[in-house]
Amino acid sequence: MVSAARPYFEPVMQTDQHLQDIRESVKAICESFGEDYWRKLDESRGYPTEFVKEITDSGFLGCLIPENYGGAGLGLIEACAILEEISRSGGHPGAAHAQMYVMGSVLKHGSDEQKEKYLPAIASGELRLQSFGVTEPGTGTDTTSLQTTATKVGDTYRVSGQKVWISRVQHSDLLVLLARTKSMQDRASKTDGLSCFIVDLRGAEKRGLTIRPIDAMINHHACELFFDNFEVPAANLLGAEHNGFKVVMDGMNAERILIAAECIGDARYFIDKATDYANTRVVFDRPIGQNQGVAFPIATAYAQTEAASLMVDKAARLFDTDKPCGPEANMAKMLAADASWKAGDTCLQTHGGFGLSREYHIERKLRETRLYQIAPISTNLILSYISEHVLGMPRSF
Ligand SMILES: Cc1cc2nc3c(=O)[nH]c(=O)nc-3n(C[C@H](O)[C@H](O)[C@H](O)COP(=O)(O)OP(=O)(O)OC[C@H]3O[C@@H](n4cnc5c(N)ncnc54)[C@H](O)[C@@H]3O)c2cc1C
């Protein structure tokens, strides 16, 4: 609900009519999955199967897949609009967003056979590519030191090792996995010797993969994975052997921009809610929003969100025109995650005690948006990237 007193603000991306049309269609889908739907899933730790089916059937989840592979052939700017609207409706696009950016690795680095085999089936919803396995418990953000090995034996690779925080693995048919194919001693550079694989998860638990769900603060279906001599056909190598870091990195800018768009949706959700409540909640015979101590933090959150949204828009448009966008993708993610967290905190404060009631949904959304200062990359690592790669200061680690 948006209050009549305040005009519905125009997100930057709504300047294009087709984006506006996409937003309206996504909004219409989200209306049939109200906030209680998401709250119940959060409480039961359930997966939004019906919602994911709906956005797959409507073509939105496969929006980045080219038309010749059965997708909509749209760009990141459209994908951002889709995810932002899901977040803004009170939903949680985390249930499905990986399909958008992981698919990019298959599209860009997959062989013709792999693309023919997987992309049409992903676009139709027959196959779910919802998982991306990079993080390990021992090495964390230091990806180039990861320890999971993939050893070539004949026409298969045998994978052994451990991954952590791998989302949706129990709700996906495929996983894009990063593993070490060259020992740390033999690698020519820090990024050499890692390879990417398309792992078929169907029946995988009978073939040497153990999956253990993590009991976490948010309903993200993240798991620990234990690979024990798990066989992956050599035909499932994605991109060149030992070049997997590049395969993963190519998808990371897209991931950061899409996550930033989700944060913008969260921020706008919080600002809408806070404004409505500030206009309608009467204490001391006046709407609480009449007090500048209540109004100004909401206005500040609004200004910060609009600024962050401009950066998301810029990053997505650079990405879509194949221009370098590393700094913008990182800054968009950092600024948007910061804006959504501050908007959420302000929204909760505006609601007083009711902000903590699960019935008001704010605490759930606040938990969900908090993740994005940590994943897929933490704020410190973004600041480190900007310091070194944009400003030319010495590398700190
Ligand atoms: C719910 C959830 C879902 C996730 N889903 C996935 C997924 O699907 N696939 C996947 O591969 N990963 C996933 N992740 C993992 C996520 O990408 C990592 O948690 C994140 O990259 C941070 O790594 P880490 O947790 O190991 O933190 P660490 O690397 O241990 O860092 C801990 C803290 O130290 C700081 N730090 C570390 N090094 C430095 C430094 N040099 N300078 C300054 N600060 C530093 C970091 O900023 C961070 O705040 C998920 C995580 C969560 C919580």
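The questions below concern the domains, the ligand shell, several helices and a few loop residues.

Reader: On what basis should the numbering and the local features be read?

Author: Residue numbers start from 1 along each chain as its sequence is written. The model is predicted: local features need pLDDT of at least 70, side-chain atom pairs count only at pLDDT 80 or more, and totals for chains, interfaces and linings use all residues.

Reader: Which domains does the domain assignment of the protein give?

Author: Domain bounds are taken from an automatic or database domain assignment. That assignment gives domain 1 (12-124), domain 2 (129-243) and domain 3 (246-390).

Reader: How many residues of each class does the side of domain 2 that touches domain 3 have?

Author: Taken over C-alpha atoms, the centres of domain 2 and domain 3 are separated by 31 Å. Their contact (C-beta atoms, placed from the backbone, within 7 Å) takes nine residues from domain 2 and eight residues from domain 3. For the classes, Ala, Val, Leu, Ile, Met, Phe, Trp, Tyr, Cys and Pro count as nonpolar, Asp, Glu, Lys and Arg as charged, and the others, Gly among them, as polar. On the side of domain 2 that touches domain 3, the residues divide into six nonpolar, three polar and no charged.

Reader: Which residues come nearest to the ligand, and which elements give two or more residues to the shell?

Author: A residue is near a molecule if its C-beta atom, placed from the backbone, lies within 6 Å of it. Of the 22 residues around the ligand, those that come nearest are Val134, Gly140, Thr141, Trp165 and Ser378. Helices (H or I, at least four residues) and strands (E, at least two) are DSSP runs, numbered from the N terminus. Two or more residues of the shell are given by each of strand E1 (129-133), strand E3 (156-167) and helix H11 (379-390).

Reader: Between which domains does the ligand lie?

Author: By class, the shell has 13 nonpolar, nine polar and no charged residues. Both of two domains give residues to this shell, so the ligand lies between domain 2 (129-243) and domain 3 (246-390).

Reader: Which residues of helix H1 are buried, and which exposed residues does the opposite face carry?

Author: The expected span of a helix is 1.5 Å times one less than its number of residues; for the 15 residues of H1 (residues 17-31) this is 21 Å, and the end C-alpha atoms are 21 Å apart, which agrees. A residue is buried if 20 or more other C-beta atoms, placed from the backbone, lie within 10 Å of its own, exposed if 12 or fewer, and partly exposed in between. The buried residues of H1 are Ile22, Val26 and Cys30; they cover an arc (of the directions from the helix axis to the C-beta atoms) of only 75 degrees, which puts them on the same side of H1. The face turned away from this buried side carries the exposed residues Gln17, Asp21, Glu24, Ala28 and Glu31.

Reader: Against which elements do the buried residues of helix H6 pack?

Author: H6 (residues 112-124) has 13 residues and reaches 18 Å from its first C-alpha to its last, close to the 18 Å expected. Its buried residues are Tyr118, Leu119, Ile122 and Ala123. They pack against helix H5 (97-109), E1 and E5.

Reader: Is Arg168 buried or exposed?

Author: Arg168 has its place in the loop between E3 and E4. Although Arg168 is not a glycine, it has a positive phi of about 60 degrees. With 24 C-beta neighbours inside 10 Å, Arg168 counts as buried.

Reader: Is Asp285 buried or exposed?

Author: Asp285 lies in the loop between strand E9 (282-283) and strand E10 (286-287). It also has a positive phi of about 60 degrees without being a glycine. Because Asp285 has 6 C-beta neighbours inside 10 Å, it counts as exposed.

Reader: Which residues does Thr191 touch, not counting residues up to four places away in sequence?

Author: Thr191 lies in the loop between strand E4 (174-180) and strand E5 (194-200). With 16 C-beta neighbours inside 10 Å, Thr191 counts as partly exposed. Leaving out residues up to four places away in sequence, Thr191 touches Thr144 and Phe245.

Reader: Which peptide bond is cis?

Author: The loop between helix H10 (362-370) and H11 is the place of Pro376. With omega near 0 degrees, the cis peptide bond is that from Ala375 to Pro376.

Conventions
Two residues are in contact if their C-beta atoms, placed from the backbone, lie within 7 Å.
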